[in-house]
Structures are given as structure tokens and as C-alpha cells.
Amino acid sequence: MAQFKIYVAEVTQLGPVGVLITSAFTNAGGYPRAESFLLIPDQKTIISQKLRFDVTSFKDSPVELTEGFMLEEASQQGKIDLGLYLQERQDADGYSPPPNSPNVLEDNINLLVHVWVRRTCPHLVEVYKRTECEQLKDAMSPILKLPIMEREKL
């Protein structure tokens, strides 16, 4: 059965958080697939990867090719992407990444609700369009229908 996980991806010590969304599923042909979507707040691009094998098992291996294995690979890829993003940002403009970077902590679907209504990750729509994981789409669909929170200084 398809799986997905949501993570907080710390890109600054203060301010909006990034989001890492990973999914793993088996396609109609029985082949394992995984996805990794790294959403950086206030950026227009999503760093995303699709992971796949053209085999259905690892023959003669102590490791099984499961959705759990694929989900872990997607998580690791997202962490690599975050580390590379932080390094590029540091090299380009002297940005100092948060201590212990890259810091990625597992969260839950509520994180997507918060970043959507706050409008800190408006590109959740792009994740919804790009993902091939139906369970992720099903979970995201009602979130994308929520209104955006209005804010004003007092």
C-alpha cells in the first residue's frame, strides 16, 4: 500500500520552515516508485526527484525491495537535496545555514495545512499536480481547498 511522509526542513533559524514530502508506491506494472519534494519557503521552484527501479525485487539480497525501502530512499534524497541547496546558498551569498544542518524532522499532514493557510509554501499545488501517489493526492486535495489566512498588523 502506498505511503507518504511529511517533514519539517529547517532552512533558516527563524522564519518560515521548508517542507519535505516523500511518497512510495507500486505502479500498475508492479514496479516500486518513490518521490521526494523539497519546498523552500518563498522560492518559486520545488526540488523534486522521482526514484524508480525496473525490477520488482532484489534477487539474492538480504534487503527487500519494498515501499518502506523506497520511502527511506526518498527521505534520504530529500535530505541530500536540502544539504545541496543550503551549500549553494552559502556559496552564492554567504548565507549561514542553521546549526546541525540539514535538520529534517518528521511531522504530519497538519504541517501542510499550516503552511497552506499561512501561504508560506504556495507551491503545494505543484506537488499535487506532479505526484503519482494517489494517497498523497487524496490527503492534499481537501487542504488545497482551504482559504488563505489573512493577516494584518495591529
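**Exercise 1. Is aspartate 54 buried or exposed, and which residue does it pair with?**

Aspartate 54 is exposed, with a relative accessible area of 53%; exposed means over 50%, buried under 20% and partly exposed in between (1.4 Å probe, protein chains only). Before we go on, note that this is a predicted model, where local features need pLDDT of at least 70, side-chain atom pairs count only at pLDDT 80 or more, and totals for chains, interfaces and linings use all residues. Residues are numbered from 1 along each chain as its sequence is written, and side-chain values use heavy atoms, leaving out hydrogens and water.

Next, look for the partner: aspartate 54 forms a salt bridge (a side-chain nitrogen of Lys or Arg within 4 Å of a carboxyl oxygen of Asp or Glu) with arginine 33, the closest N and O atoms being 3.9 Å apart. Arginine 33 counts as buried, at 9% relative accessibility. Finally, Arg33, Arg52 and Asp54 are linked in a network of salt bridges.

**Exercise 2. Find where lysine 5 and glutamate 106 lie, and state what their pairing ties together**.

Start with the contact: the closest N and O atoms of this salt bridge are 3.7 Å apart. Lysine 5 sits in strand β1 (residues 3-10) and glutamate 106 in strand β5 (residues 103-106), so the pair ties together parts 101 residues apart in sequence. Strands here are DSSP runs (E, at least two residues), numbered from the N terminus. Then check accessibility: lysine 5 is partly exposed at 29%, while glutamate 106 is exposed at 53%.

**Exercise 3. How many salt bridges does the rule give?**

Applying the rule above, the count comes to six.

Conventions: Helices (H or I, at least four residues) and strands (E, at least two) are DSSP runs, numbered from the N terminus.
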